[in-house]
Amino acid sequence: MSASELSAPASVKWPFQTTTSWRTLPTPFWSDCSPAGAAAPELVVFNTPLCEALNLPLADMPRDVLARWLSGSDLPDTCQPLAQAYAGHQFGGFTMLGDGRAHLLAEFEGPDGIRRDLQLKGSGRTPYSRGGDGRAALGPMLREFVISEAMAALGIPTSRSLAVLRTGETLWRDGPLPGAVLTRIAASHLRVGTFEYAAALRDRSALEALLTYAVQRHDPDLADVPEPGARVLAWLNRVAERQIDLILHWLRVGFIHGVMNTDNTFISGETLDYGPCAFLDEFVPNKVFSSIDRHGRYGFENQKRIILWNLARLAEAVLPLLDEDPKDALDRARTALKNWDTRLNARWLSMMRGKLGLDTERPEDESLIKDLLAWMHRYEADYTLTFRALADDAAERLPEARHPKVQDWIRRWRARLAEEGPVTAARFEAMQAVNPARIPRNHQVEAALTSAEAGHMAPLRTLLAALAEPYRDDPAYTAFAQPPTPDERVVRTFCGT
Ligand code: AMP
Ligand code: MG
């Protein structure tokens, strides 16, 4: 046997470039720092399909090498981890923040030409940890894995989860919990809060550098807009468009983010931060699950107002770049905000029309939609099952259809459908494509996580499989379409930080 055959296979080299583009930003935006590493890292879940879809050169790595890398225990010199600085409005109050328990390891380009970040979460303390231990628990990291992957399968822009590892360490929250690290993939980790951070530095060149970086990374075509203020405005409109799209997706599937702080709002328009999020079972307009959202700020329907609030914070942060004259800058920002508001409401109506199978616009549609939501609320109708029944041409079989009010509504809806022409199977198929049969139901997620924490992974794998094609009827997964029984109901969710 020759010496070369004894050395580690070539495939075991760290497959990413040494530097990330984040390092081209001025130093206030990041700090060099290494993950703490783990005592006994062990892969719990690894997302092979994601690896393949993104052409990530990790799927063939030996498991022990992956476990050491993705726990941050044994990173090669060719990896230069960093923590990002940012700020944010948390429940309305401004705070300087930063990655307190996350490390950016690498940036890579996928087959779609999009550059993405590979980041560890729960990987130890950083200069931004404040009083925190920098750690994450297994339950919340698996929860992020399940829900982010379910969101992706629902066709909703989101950060992705590549892997969850046990660290072999115990952390203390209310009691002892198994420690874990999540590998997160995102189009970038640029947040509204990163711009607020730049604005708070009161350093125009840092703010300009950040904006140039954001444009380059997510909207490179805008770099050609000659007038700087017009470029900033065009960029703001792009970010707003992506966020409006995102929130409408959330409302379409009954998703409640739960902690829409500006540090959790991505410039890329992807969903970020799966702390206390939850899905609606029965429809309650301003439903809140999160234990820390005491005043319903981030309730279901309020997400529409909050995204505009968050976008206003973004516009405020870049005001000095919108126009040399502060008054003109403010005018530009105000006009933009008004347009976003109008656009969001119009787009909400068309999203809801889509759920009801309507292609054309009629003035009476708004009352048709509002009356539907009113009876769904009144009779505590399940959000997912109700829309899916309409999409399955089975409205009359809904349990609520015993109420004359509901029968009336169904008649009105059917008449409205018929006005658009023949009500064909294709029209119901189009409705099925926007009204999922299955969502990650809170009680099912909790049950799978409880098993996983006890070391039984089978229920979690079945749940992941049930959520992989959520718009397709599948008799094998009928149980996953069911709402909770009164005993199974989850009433509160927790951040798990
Ligand atoms: P989040 O509520 O997850 O968006 O986190 C808000 C801020 O708290 C971020 O700066 C996090 O990095 C930080 N943070 C959350 N948990 C921890 C922890 N266990 N240790 C240190 N920082 C944390
Ligand atoms: Mg966060």
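Let's begin with the overall fold: the secondary structure of this protein comes to 16 helices and 12 strands. The radius of gyration is 24 Å, close to the 23 Å that the globule rule gives for 497 residues, so the protein is as compact as a globular protein of that length. Keep in mind as you look around that this is a predicted model. Along its principal axes, the C-alpha trace spans about 80 × 60 × 45 Å.

Now for how the chain is packed. Of the 497 residues, 55% count as buried. If you take the contacts between residues at least 6 apart in sequence, 71% of them join residues at least 24 apart.

The largest nonpolar core has 99 residues, of which F195, W235, L356 and W413 touch the most other members. Helix 7, covering residues 228–253, gives the most to this core, with 12 residues. Not counting residues up to four places away in sequence, L356 touches L368, I369, L372, F387, L390, W409, W413, L417 and M431. There is also a second, separate core of 27 residues, which includes F46, L70, L75 and A163.

L70 also takes us to helix 3, which runs over residues 63–70. Within helix 3, V65, L66, A67, W69 and L70 are buried. What covers them? Strand 2 (42–46), strand 6 (102–109), strand 7 (115–121), strand 9 (160–172) and strand 10 (176–186) are included in the cover over the buried residues of helix 3. Just after helix 3, G72 takes a positive phi of about 75°.

Our last stop is D323, which has its place in the loop between helix 9 (319–322) and helix 10 (326–355). Leaving aside neighbours within four places in sequence, D323 is in contact with D328, A329 and R332. Finally, look across to P228: the C-alpha atoms of D323 and P228 are separated by 8.3 Å, although the two residues are 95 residues apart along the chain.

Conventions. Residues numbered from 1 in each chain as written. Chains lettered and ligands numbered in written order. Predicted model: local features only at pLDDT ≥ 70, side-chain atom pairs only at ≥ 80, totals over all residues. Heavy atoms only, no water. Helix = DSSP H or I, 4+ residues; strand = E, 2+ residues; numbered from the N terminus. Rg over C-alpha atoms; globule rule 2.2 N^0.38 Å. Buried < 20%, exposed > 50% of the residue type's maximum accessible area, 1.4 Å probe, protein only. Contact = heavy atoms within 4.5 Å. Core = buried A, V, L, I, M, F, W, Y, C linked by side-chain atoms within 4.5 Å.
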